[in-house]
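Here is a short report for a reader new to this structure. Look over the sequence and the model first.

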Amino acid sequence: MNSFKFFFVILQSMAMTIALFPSLSSQELLGEGLDANYLRGKGSFLATKPQYVATCDKYPRVCATKGSRGPDCCKKQCVNVLNDRSNCGKCGNKCKYSEICCKGRCVNTYDDKRNCGKCNNACKKGSSCSYGMCNYA
């Protein structure tokens with residue numbers, strides 16, 4: 001019974017220590033001369049600071065920056081409504097399973113003469129588009 005009480009006291013003190021340590025800064029834990037990465041490790045999850053992400057609903061210019069997925073903002077994400085299947089032509093306009101978005105229009109590239117097999121691949125005059133290929137017979 002004595003060993004059980006001793007174990008319980010140790011367990012309580014460990015829980016209180018864990019609860020108190022996050023409120024202390026790394027300088028308080030390590031002292032002024034030591035590096036904070038020594039405690040946490042350089043590549044660990046705890047060493048990384050959360051980064052602020054600017055969303056396009058509050059900052060529309062985010063979509064115009066280099067590396068952006070598109071110039072338009074739909075549901076807090078930068079997209080290009082000219083070729084995005086989930087936002088084709090306008091936000092929320094979703095193409096069907098067999099369709100893709102070409103110039104803001106949902107088209108089926110298996111049988112569309114102007115977009116045969118892919119966007120802007122027009123079949124020659126007098127030929128047809130079948131299974132995504134011109135003049136497939």
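In what order do the elements of the protein run from the N terminus on? The order is α-α-α-β-β-β-β-β-β.

## The model and its elements

This is a predicted model, in which local features need pLDDT of at least 70, side-chain atom pairs count only at pLDDT 80 or more, and totals for chains, interfaces and linings use all residues. Residues are numbered from 1 along each chain as its sequence is written, and side-chain values use heavy atoms, with hydrogens and water left out.

The protein has three helices and six strands. These are DSSP runs, numbered from the N terminus: helices are H or I with at least four residues, strands E with at least two.

## Surface and burial

The protein has 137 residues, and 19% of them count as buried. Buried means under 20% relative accessible area, exposed over 50%, and partly exposed in between (1.4 Å probe, protein chains only).

## The salt bridge

The structure holds one salt bridge. Such a bridge puts a side-chain nitrogen of Lys or Arg within 4 Å of a carboxyl oxygen of Asp or Glu. Here the partners are Arg105 and Asp112, at 3.9 Å from N to O. Arg105 is partly exposed, at 39% relative accessibility. Asp112 is buried, at 13%.

## Around Ser127

Ser127 sits in the loop between strand 4 (105-107) and strand 5 (129-130). Ser127 is buried, at 7% relative accessibility. A polar atom of the Ser127 side chain lies 2.6 Å from the backbone oxygen of Lys124.

Leaving aside residues up to four places away in sequence, Ser127 touches Lys113 and Asn135. Contact means heavy atoms within 4.5 Å.

Terms used
A polar contact is a pair of N or O atoms within 3.5 Å; within protein, one must be able to donate a hydrogen and the other to accept it, and residues adjacent in sequence count only if both atoms are side-chain atoms.
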